[in-house]
Amino acid sequence: MDKETKIDVLIVGAGPAGSVAARTAAELGLNVILVEKRKEIGVPVRTTGVTSINTVREFEIPECYYHKICGIRFHSPNEEAFFSYKESPGCLIDVTGTYQYLARRAENAGSLVMTGAKADITQWMSKGSVVIQHHEQVLQIRPKVIVDATGYSAQISRASGLHKGFARFGVGAEYDITTPHIKQDEIVLIVGQKYAPSGYAWVGPWGKNRVRVGVGLIHPDTKINPKEKLNLLMQDLPKMGIDNTGYIINEYHFGLIPSQGFADRISGRNILAIGDAAGVASLVAGEGIRTSMESGKIAAEVISRSINSRGKMSEYENIIRKKHGTGLWLGRIINKRLSSSDDASLDSAVRILSKTSPEFVVNMLQSKFSLRDAVRIFSTRPQLWPELVKNLIR
């Protein structure tokens, strides 16, 4: 590379959002550098890796990287609801394998992928240059556009003044275990004050007797360390009919995800925030992989049009807010209600869920439902009205 190299796009962060953005931009003919501060992409694991089947198919992720789920089970302190699906609606991915696969696709499309690299944008706002420290090299580049894909920390957005970052987070602690006894075709979601005050817990298989057991809590709604609840949950799983006898802990995961909806601003004249850095994660189940990759693809398409004088960067924010705005707004309402609910309210919510449709449940978990969906469900099921009213006025 020259002393100062001009490029079209610098993408900081090689998670699913950054890698999809890099691949899409390169395929559209742009000169792209994708930098990742960690030496190995997808390590350590920061997410459970739940996403929809439609997502892995849309982004052409090979089947060897995901494990299909055909059942969803909800547990509250005194209630249970189970939904079965003929066609798998979702899956758990091999997080490290999938992230590295997406980065390889970006590289194969023509992006320069640099791991173990740090981007310093101190001079970018005044001089238009970015310094990249890569091993022993110090590189200076002049990008036309910077994409913030740094996740929940939103480092580039905050440093550039695009937005101020996030104050409300889902904080998750998780064990990746091996056990031959837990069902490999269903995911279990657990709510209640004992294991997940202000959040929820989960048991999700991802193939070959590997299972992810975790607890996610909303900070600052609670100050409890989720690992404390995780250890209690591991002890009590047999009480819920989940046999973890003889389990072996393979890994411990810890991660954060923004839990307040869109950042105030996610696009500027020559900068975009994507994925968790933009706050586009689902606020019901904390699932951000689908929305992250979607935002990365849309960002790259908008950047291409803007660089080729066929559009403006502000189109990105308009498209994203139109696509996900309603779902994230409703998801935030459910998220806040979940965070403040007592056990009786959670029991009531699970009873209501048990009488809805499997399709409604999947859409709800992905924040893809609308008010129209909810009205249709409850207008055709008048037996739900007393329980709904009781839940709302509690």
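This is a short talk about some features of one predicted protein model.

Hi everyone. Before we start, residues are numbered from 1 along each chain as its sequence is written, and side-chain values use heavy atoms, with hydrogens and water left out. Because the model is predicted, local features need pLDDT of at least 70 and side-chain atom pairs count only at pLDDT 80 or more, while totals for chains, interfaces and linings use all residues.

Let's begin with the strands. Strands of a sheet pair through backbone hydrogen bonds, either parallel or antiparallel. I call two strands paired if DSSP finds at least two bridges between them.

Have a look at the open sheet of three strands, which has the order 3-7-4 and antiparallel pairing. Which strands are at its edges? They are strand 3 (50-52) and strand 4 (66-69), each pairing on one side only. From one strand to the next, the twist averages 35°; axes here are lines fitted to C-alpha atoms, for helices over the stretch in contact, and angles run from 0 to 180 degrees between N-to-C directions. Strand 3 is joined to strand 7 (residues 90-93) by three bridges, and serine 52 has glycine 90 as its bridge partner in strand 7.

Now for a hairpin: strand 5 and strand 6 form one, with four residues between them. Five bridges join strand 5 (residues 71-75) to strand 6, and the two run antiparallel. Isoleucine 72, for example, has phenylalanine 83 as its bridge partner in strand 6. In a regular strand the side chains alternate between the two faces of the sheet. In strand 6 (residues 80-84), Ala81 and Phe83 make up the covered face, and Glu80, Phe82 and Ser84 the uncovered one.

Next, helix 6. Which residues of helix 6 (residues 226-236) are buried? They are Pro226, Lys229, Leu230, Leu233, Met234 and Asp236. Seen down the axis of helix 6, these fall within an arc of 165°, so they line one face of the helix; the arc is that of the directions from the helix axis to the C-beta atoms. Glu228 and Gln235, on the other side of helix 6, are exposed. Among the elements covering the buried residues are strand 12, strand 15 (210-219) and strand 16 (248-258).

Let's move to arginine 168, in the loop between helix 5 (155-160) and strand 12 (169-178). Is arginine 168 buried or exposed? At 9% relative accessibility, arginine 168 counts as buried. Its side chain reaches the backbone oxygen of serine 259 at 2.7 Å. Leaving aside neighbours within four places in sequence, the residues in contact with arginine 168 (heavy atoms within 4.5 Å) include His219, Pro220 and Asp221.

Pro220 brings us to the backbone. Most residues other than glycine have a negative phi, and most peptide bonds are trans. The peptide bond from histidine 219 to proline 220 is cis, with omega near 10°, and proline 220 is in the loop between strand 15 and helix 6. Another cis bond runs from valine 43 to proline 44, with omega near -5°. Alanine 154 has a positive phi, near 45°, and is buried, with a relative accessible area of 0%.

Finally, the interior. A nonpolar core is a set of buried Ala, Val, Leu, Ile, Met, Phe, Trp, Tyr and Cys residues joined through side-chain atoms within 4.5 Å. How many residues does the largest nonpolar core have? It has 73, and Leu10, Ile11, Ile132 and Tyr316 have the most contacts inside it. Helix 7 (residues 289-307) gives the largest share of this core, seven residues. A second, separate core of 21 residues includes Tyr85, Val191, Leu346 and Leu353.

Notes: Buried < 20%, exposed > 50% of the residue type's maximum accessible area, 1.4 Å probe, protein only. Polar contact = N/O pair within 3.5 Å; in protein donor to acceptor, adjacent residues only side chain to side chain.
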